[in-house]
Amino acid sequence: MSSTAETRAFEAEVAEVLHLVTHSLYSHKEIFLRELISNASDACDKLRFAALSDPALTAEDSALRIEITADKDARTLTIRDNGIGMTREEVVENIGTIARSGTRRFLESLSGDSRKDTQLIGQFGVGFYSAFIVADRVTLVTRKAGAPAGEGVRWESAGTGQYTLETVDAPVRGTAVTLHLKEDESEFLDAWKLRDLIARYSDHVAFPIRMPKQKDGGTPDKGGTDEMETVNHASALWTRPKSELKDEDYQAFYKSITHDFSDALAWTHNRVEGAQSYTLLLFVPEKPPFDALFSGRDERKGLKLYIRRVFIMDASEQLLPAYLRFVRGVVDSDDLPLNVSREILQENRLLQQIRGACVKRVLDLLEKLARDDAEKFRKFTDAFGNVLKEGIAEDPANRERIAKLLRFASTKSEGAAKTVSLDDYIARMPVGQDTIWYVTADSNAAARSSPQIEALKAREVEVLLLSDRIDEWMIGYLGEYSGKKLRNAGKGDLAVDQPDEAGNEKRKDAEKAAEGVVAKLKSLLGERVGDVRVSHRLIDSPSVLVLGEHDMALHMQRLMREAGHDVPASPPVLEINPSHPLVKRIEGESDAKRSEDLGLLLFDEARLAAGDQLDDPSAFVARVNRLLS
C-alpha cells in the first residue's frame, strides 16, 4: 500500500540549516556517517529499553543491529537499523522541524563569516542533516516498532526547502536512510573507506555494525548470498578493560558522544566493585561544549546514564552538580532498576553515592591535571574556571578542594593571566601575615590600578585581582582557605600591619591635622557618603570609596541594577589622602562654589575608580571644565 506523496515545506530553522549545510565547505565531511550511525544506535537503544516493558516489540527480530550497504551502480549509500522506528507524526516532528530552543538561538546568532564555520554540523542536535553534505537527495523509510507493515513512512528531500511524505508498506520495523551521493563523493561508495570511517568514529557502538562480507580482494562477495559481517567491536567501550584501550580509542569515543571536533582535554575511567557496582567514564573537554553556549544551568545534557549497558536517559542534573556541567561521559550502573524514572532517580540513595563518586573523580582528575600538566590546566582554567567557581557556593563539602583549583591574577603576576593559586599566594606570604588580600573590579586593569590597594602595594603585600563578574558573589562564600582569612582591601578598616606606639601617634597627628578638611567635605557631600575620614590605604590618589565588610562592590551594584534587580543603597565611606594637592586645595579654598565643585570632583573621581556610574555625567564634565578654566 502506498498513499499519494504529500509535499511540505521545512520549518524556517530547518531550511536555514539545510542552506548552511549545502552552501558551506566542510573540512570534515565524513562525519555524516558518524552522525547517521549514532542516530541508528540511539534508535536501537530506545527499542531495547522499550522492550523491557513490552517484549512483543522485538519478538519478530530481537537481534538489534545496524547495516550499511553501498550500491555503486545506483550511487546510493544506505544506513539501516532495526530499532524503534518512527510514526508519521514523529518523522514530521524530528526531521521537518527542530524543536530545540538551543538550535534556534544558535541560528539567530549566526551572521557574516560565522555562517561559514566548518565545525557546525553535529554540534547542535541536527546530525541527520549532515547527510546533505555528501548527498543531493536523501530518502528515509521507517516503521515504528509494534506498528503494522502498512504504516510505514517514506520521507524524501533534495535539501532545497521542502520534502515529500507518504505512507508506504514497510515489511520490517526500524529506519533506513538512503543517500543519493553527489557526483564528486564517490569515495563513500568504497567499502574500505566506509570500514575505515566506522573503525575511526563508531567502533565503540554497542550494536553490531554490519556490512557485506568482503572477498580476499576487497570486493563484496557476490557468490549468491547476502552474507553480512560485523565490522566494529560492538561492545560498549567503557566496559572494556583499560589495558585494552589506547588514547585514540578514548578520543574517538569522546568525539562520537559529544560531536566535538577537538580532542578531550583529559578523562577518567573507573570501575567500582562492591556492594554497589558501576562504571564511570568522564571527560573534560578542551573547549566549552557547543550546547553549553546556548543553554542554562538547568537545561543541560552530557552525562548519559546506562543500566547494565541499556541507555536510560541523559541525567546530568542527577549525576553531577551544576558547577561541573561541562563534564561529558557515561555512567553505567549494575544495581539501579531498569524501570527507573527521573522522580525515582532524585530519591535513590545509590544514585547519590554515584553522584558523589562522579564529583570526586572529576576533582581528582583536575587536581592531577594541575599538578602534572600546567599547559592543559591553563586551557581548562581559561575555558571553565568561572563555571568551577560556582562550586564554592554550591558545594560546601568540597569547597576547599575547589578553591585549591582556582586561579587568579595578582599584583605579583604579569598581565591579566590567571596563574596564581591560593597555595602560591600562601607560599609567598611573609612571616606574620595571616590574611589573603584581594580586590574586586570590573576589569583586570581597574583592579591592578585600584587606589584601594596602594598601601598594600607600597608594602609589597601581594593582592589577588578579581575581575570576573562571578568573583564578587563567589568570594562571599570563601571566608578562609587553609586557615588564612580572605579580606577585601576595599572594605572595612585596613590594618596592613600593627603599628608601634610611634606609628600610632603619627596617625593620630595626621587625623587631627585633617579635621578641618574632613568636616568641610562632610558638609559639602552630605548624604552622598556615610562618613569622611583620613585614609591609611592611599599613597598617590586623593580619595577612595570604602564599603562595609558585607556590602556589595559598587561595580556589582551597577551591574545588578542594569539587570533589573533592586539593590538597596548603602552610602560608602570617603577616605581622603590629606597630603594630596587636590585635598589641600579643597582645604584652602575660600570660594563656596569652587569648594563645592572640588568636593564633588573628589567624590566622583573615587566613584569612577571604584567602577560606579555617575548619576549625571554632563554635570561632572561641566564641573571639570569650570575648574580647568
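Mentor: We will take the salt bridges pair by pair.

Mentor: This is a predicted model: local features need pLDDT of at least 70, side-chain atom pairs count only at pLDDT 80 or more, and totals for chains, interfaces and linings use all residues. Residues are numbered from 1 along each chain as its sequence is written, and side-chain values use heavy atoms, with hydrogens and water left out.

Trainee: What is a salt bridge, and how many are there?

Mentor: A side-chain nitrogen of Lys or Arg lies within 4 Å of a carboxyl oxygen of Asp or Glu. That rule gives 45 salt bridges here.

Trainee: Which residue does Lys29 meet in a salt bridge?

Mentor: Glu187, at 3.8 Å from N to O. Lys29 sits in the loop between α1 (12–22) and α2 (31–53), and Glu187 in the loop between β7 (174–181) and α5 (191–201), 158 residues apart. Helices (H or I, at least four residues) and strands (E, at least two) are DSSP runs, numbered from the N terminus. Lys29 and Glu187 also belong to a salt-bridge network with Glu185 and Lys193.

Trainee: Where do Arg48 and Asp45 lie?

Mentor: Both are in helix α2, three residues apart, about one turn of the helix.

Trainee: Is Asp45 buried or exposed?

Mentor: Buried means under 20% relative accessible area, exposed over 50%, partly exposed in between (1.4 Å probe, protein chains only). Asp45 has 5%, so Asp45 is buried. Arg48, with 23%, is partly exposed.

Trainee: What about Arg325 and Glu390?

Mentor: Both are buried. Their side chains form a salt bridge at 2.9 Å, N to O.
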